Amino acid sequence: MQNIIFFGNSLTAGYQLRGSEAFPSLIQQRIDSLHLPYKAINYGVSGETTAGGRQRIVSVLARQPVDVFVLELGANDGLRGIPVRETTQNLQHIIDQVHLKYPKARIVLVGLEFPFDLSILGGGYGRYGAEFKALFRTLADKNNLAFVPFLLQGVMGIRELNLPDGVHPNAQGQKILANNVWAVLQTVLTEKAAQ
């Protein structure tokens with residue numbers, strides 16, 4: 001049995017939902033139905049920033065072997081307006097730590113975008129939103145990682161797929177998140193199983 005670590009924030013944790021409704025659990029159901037030898041482990045922490053993930057990564061990597069690592073962090077950085085350079089450095093540090101401890105592990109980077117057009121706020125907000133979106137693909141390309149372009153594709157801004165806060169997906173929304181991640185993860189698992 002190989003381990004898939006889902007390392008993220010409230011989107012991974014399944015904020016205000018049952019654990020079984022969060023997308024890592026939904027992905028485990030697909031893995032089981034296909035009889036693939038993987039166990040999905042959810043290390044999502046609500047409110048987590050990339051700086052928090054950077055502090056937490058070593059202890060998480062020490063808990064069990066890692067075969068596939070799904071990195072979903074950055075949304076809270078964006079909401080706080082943390083400089084893109086800082087977010088990028090933190091994510092790179094996490095990627096480096098995974099490679100250092102588990103050189104054969106495959107990493108899947110999950111991309112995010114802003115939920116609204118920041119350029120309407122004037123100033124440098126539009127540029128920040130564009131740079132924030134771009135940092136994920138840049139990191140994926142630089143590190144040769146599998147890449148989910150936009151986790152919230154098909155969910156963001158759709159009221160019936162989100163909790164009343166309008167930010168966190170509900171159980172139906174999490175099913176779409178699972179589809180978005182699975183579209184990329186499935187190939188990674190198939191390739192890894194063939195090695």
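Student: Is Val110 buried or exposed?

Tutor: Buried means under 20% relative accessible area, exposed over 50%, and partly exposed in between, using a 1.4 Å probe and protein chains only. Val110 has a relative accessible area of 0%, so Val110 is buried. This is a predicted model, where local features need pLDDT of at least 70 and side-chain atom pairs count only at pLDDT 80 or more, while totals for chains, interfaces and linings use all residues. Residues are numbered from 1 along each chain as its sequence is written, and side-chain values use heavy atoms, with hydrogens and water left out.

Student: Where does Val110 lie, and which residues is it in contact with?

Tutor: Strands (E, at least two residues) and helices (H or I, at least four) are DSSP runs, numbered from the N terminus. Val110 belongs to strand β4, residues 106–110. Contact means heavy atoms within 4.5 Å. Leaving aside neighbours within four places in sequence, Val110 is in contact with Val70, Leu71, Glu72, Phe136, Val148 and Leu151.

Student: How should I read a nonpolar core?

Tutor: In soluble globular proteins, nonpolar side chains tend to be buried together. A nonpolar core here is a set of buried Ala, Val, Leu, Ile, Met, Phe, Trp, Tyr and Cys residues joined through side-chain atoms within 4.5 Å. The largest one has 58 residues, and Phe7, Phe69 and Leu185 have the most contacts inside it. Helix α7 (residues 171–194) gives the largest share of this core, eight residues. Not counting residues up to four places away in sequence, Phe7 touches a list of residues including Tyr43, Ile57, Phe69 and Ile94.

Student: What about the whole chain?

Tutor: The protein chain has seven helices and five strands. Of its 195 residues, 51% count as buried. The radius of gyration is taken over C-alpha atoms, and the globule rule is 2.2 Å times the number of residues to the power 0.38. For 195 residues, a compact globule would have a radius of gyration near 16 Å, and the protein chain agrees with 16 Å.
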